[in-house]
Amino acid sequence: MDDYDTCLQSPGPDEPPGVYCSTAVVLKPDNRSELWSLIAEFSSDRKRHYNHQVLRWSVCVKKCQTAIETLSPEARKALTVEKFPIDVRYKFEDGILANTALDREIYADVVEICINRELNETYGLVGYTEILSCDKSSDEIVIDALDVSFLIILGLLICCVILSSWYDSTINYKLTTEHYKQALDSKREYGALFHLRNWYRLTSRTRDETHQKLRFFQAFRTLTMSLIIFGHAALLITLVPTTHSEKLEILMHNVGSMILTNGVQITQTFLAMSGTLLAIQVMSLAEKRKGRVSFLYIPVAILYRYIRLTPVYAFVILLHGTWLFKLQTGPLWRYAAETEQTFCRRNWWTNLLYINNYVHADEPCVQQGWYLGAEFQVFVIALIVLVTIVNYPRAKILILSLVLVAAYVVPAFFIYYQNLEGTFVITLEAQRYILWYDKFYLLAYIPTHINFGNYMLGVVAGLIYAELHKRSINLAESRAFRALWYAMFLAIPLTMLPSYIFYVNDFETPSVWMAAYFVLSKNFYGIGIGIIIIGLIYGVNRVLQRILNYPFFEPLGRLAYGAYLIHPFVMRYMFASTRGPLSLVLGATVMSCLLSLVLCLLLELPTSALQNQMFGSFKEPKSSRTEVEVVTHQGHTTIAPESEGKKSES
């Protein structure tokens, strides 16, 4: 990569603008070259190595023009390579980056001759070069109506905070901070929705017995979110400039690295927790309603959940589709940010309908939103199952058995008939394109039917806890359960190690045994997390329980949803604008939490407070309502309050 900033320094008044082009170079096979033979052999290990036939090469056009100006027409022709049949991916789909076709028409010959001159002189090879994008010193920021709409919405939210804070201060007759910790009557609370009293809601601790037992969930959310950010940072390392890319390939030869590679399983923790919370909440509601929950409760709960999750999600989508691209520059910036802008302007509707893990999944807007789509879909299924169980308790075992069988058989069916491996194989080459076009990612990672099992295993864990609580059974007193609980901390990482065999070998597909292994290994994680959750509820390890219940985790856990949504924005800003090797994982985590705090105060908590007013008119006193809402609303699994059940049945 040529120096980006030097190339685009403002030229003199009579000089042409500086132009910096990023290209993909596909080396032309040359069986006479020993180096080419080495490249072909090394790249054949497609699961653990990059495809070294494809190079990323960024050049300054002015520098190229100077380098080739003395070449004869014959030499130029010899360094021009016609496009040849290529069976490897070397670029994004056309039309994603603006003006690429025009840039190729103007600069393609100069850039290709320049690159091939260096390739030929240094390595004795040449390649077909295709321009991916070009930045110019004359480029200007273009602001359109959508960009302005984001600023208007942001301005309105800030005005709401200011006006709401002013209104709330006028009714603080005693001029004490206690005023902001107390619930207001309905009319006054509408006026104070955006007040900074939401800070007290964010940092408060509940006194409800059930939520006291589940307080460690906030620590789980915080730790899981931190690990997800770490994992996404590892993904970005394959994109940003690095001086030692071979270290990543060496890592893929290490059996122990499978624990890191299979770290993508960490998102299953969120699924298992959400399933557990949903089951506990529904069974608690059923107990209050004397064993009956109307089926009309289901659409109300779904609507409640949609309203809870969507406003902040939509705000982040709008941010990615407008101002993200305008915030930075760099040799990789268009690659990382303009693609996001294009996808969000094309496919935003798939996110808001929560179908983005199936529809246009290869052009993702807010890519991490695949989880929200998958979890929303399985939430609907699990809610129907739980309400059915409540109303037909005699069929509980049969219904749960059928659902769990489906959770194992359905994904195994797809793994078999789609000719997939026995694990989600994460190749370095697929990471070049942020997994967008990778069949393993699209078919064996983000679909709901692949992730259904661990959510339902979380539901089973919640039902087991509800039954044990009803019978006043304390599992912490069981030596067998305590031994099993401790064993899970070792067993879960160890179950990831056998995945190494799928990186070393190319087994014939379709394969029954690989389909079975995929499902068993993936869903064992949900079983393990369910056991750990139940053990923490009952305090198997009091020291760990006290650590996880530390007040520090309470607000951080409630910020997990916002941090999950905003952290790729932060990481793009910090990583993809770099000019050289970089590692800023800790900074990205802290910045994500800070921006999540802004989102929480501007949108999340006002939305939840408004929901309590809209849906909670028949519920218990507001102080209790607020207490319950503060604990549960950040767990991704949120259901309508008890009042919906009453309204539905009335």
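This is a predicted model: local features need pLDDT of at least 70, side-chain atom pairs count only at pLDDT 80 or more; totals for chains, interfaces and linings use all residues.
Residues are numbered from 1 along each chain as its sequence is written, and side-chain values use heavy atoms, with hydrogens and water left out.

Now switch to cartoon. Colour by burial and 56% of the 650 residues come up as buried (under 20% relative accessible area; exposed is over 50%, partly exposed in between, with a 1.4 Å probe and protein chains only). Among contacts (heavy atoms within 4.5 Å) between residues at least 6 apart in sequence, 82% join residues at least 24 apart.

**Stop 1: the sheet**

Select 19-27, which is β1, along with 54-60 for β2 and 127-136 for β3. They make an open, antiparallel sheet in the order β2-β1-β3 (two strands pair if DSSP finds at least two bridges between them). β2 and β3 sit at the edges with a single partner strand each, so one side of each has no neighbour in the sheet. On average, neighbouring strands are turned by 20 degrees against each other, direction ignored (axes are lines fitted to C-alpha atoms, for helices over the stretch in contact, and angles run from 0 to 180 degrees between N-to-C directions).

Zoom in on the pairings. β1 and β3 share nine bridges; to see one end up close, pick leucine 27, whose bridge partner in β3 is glycine 127. On the β2 side there are seven bridges to β1, and valine 25 has leucine 55 as its bridge partner. Five of the seven residues of β2 are buried, so the strand is largely enclosed by the rest of the structure.

**Stop 2**

Most residues other than glycine have a negative phi, and most peptide bonds are trans. Go to leucine 435, in the loop between α18 (428-431) and α19 (439-444): its phi is positive, about 70 degrees. At 10% relative accessibility, leucine 435 counts as buried. Then jump to serine 472, between α20 (448-470) and α21 (479-494). Phi here is near 60 degrees, and at 68% relative accessibility serine 472 counts as exposed.

Move along to proline 510, in the loop between α22 (500-504) and α23. The peptide bond from threonine 509 into proline 510 is cis, with omega near 0 degrees.

**Stop 3**

Select 512-537 for α23: 26 residues reaching 38 Å from first C-alpha to last, close to the expected 38 Å (1.5 Å times one less than the number of residues). Of these, 19 are buried, so α23 is largely enclosed. Glycine 539 follows, with a positive phi near 70 degrees.

Finish at 560-576, α26, whose 17 residues reach 23 Å against 24 Å expected. Look at isoleucine 566, shortly before proline 568, for a kink of about 40 degrees (the angle between axes fitted to the seven residues ending there and the seven starting there). With 16 of its 17 residues buried, α26 is largely enclosed by the rest of the structure.

Definitions and conventions: Helices (H or I, at least four residues) and strands (E, at least two) are DSSP runs, numbered from the N terminus.
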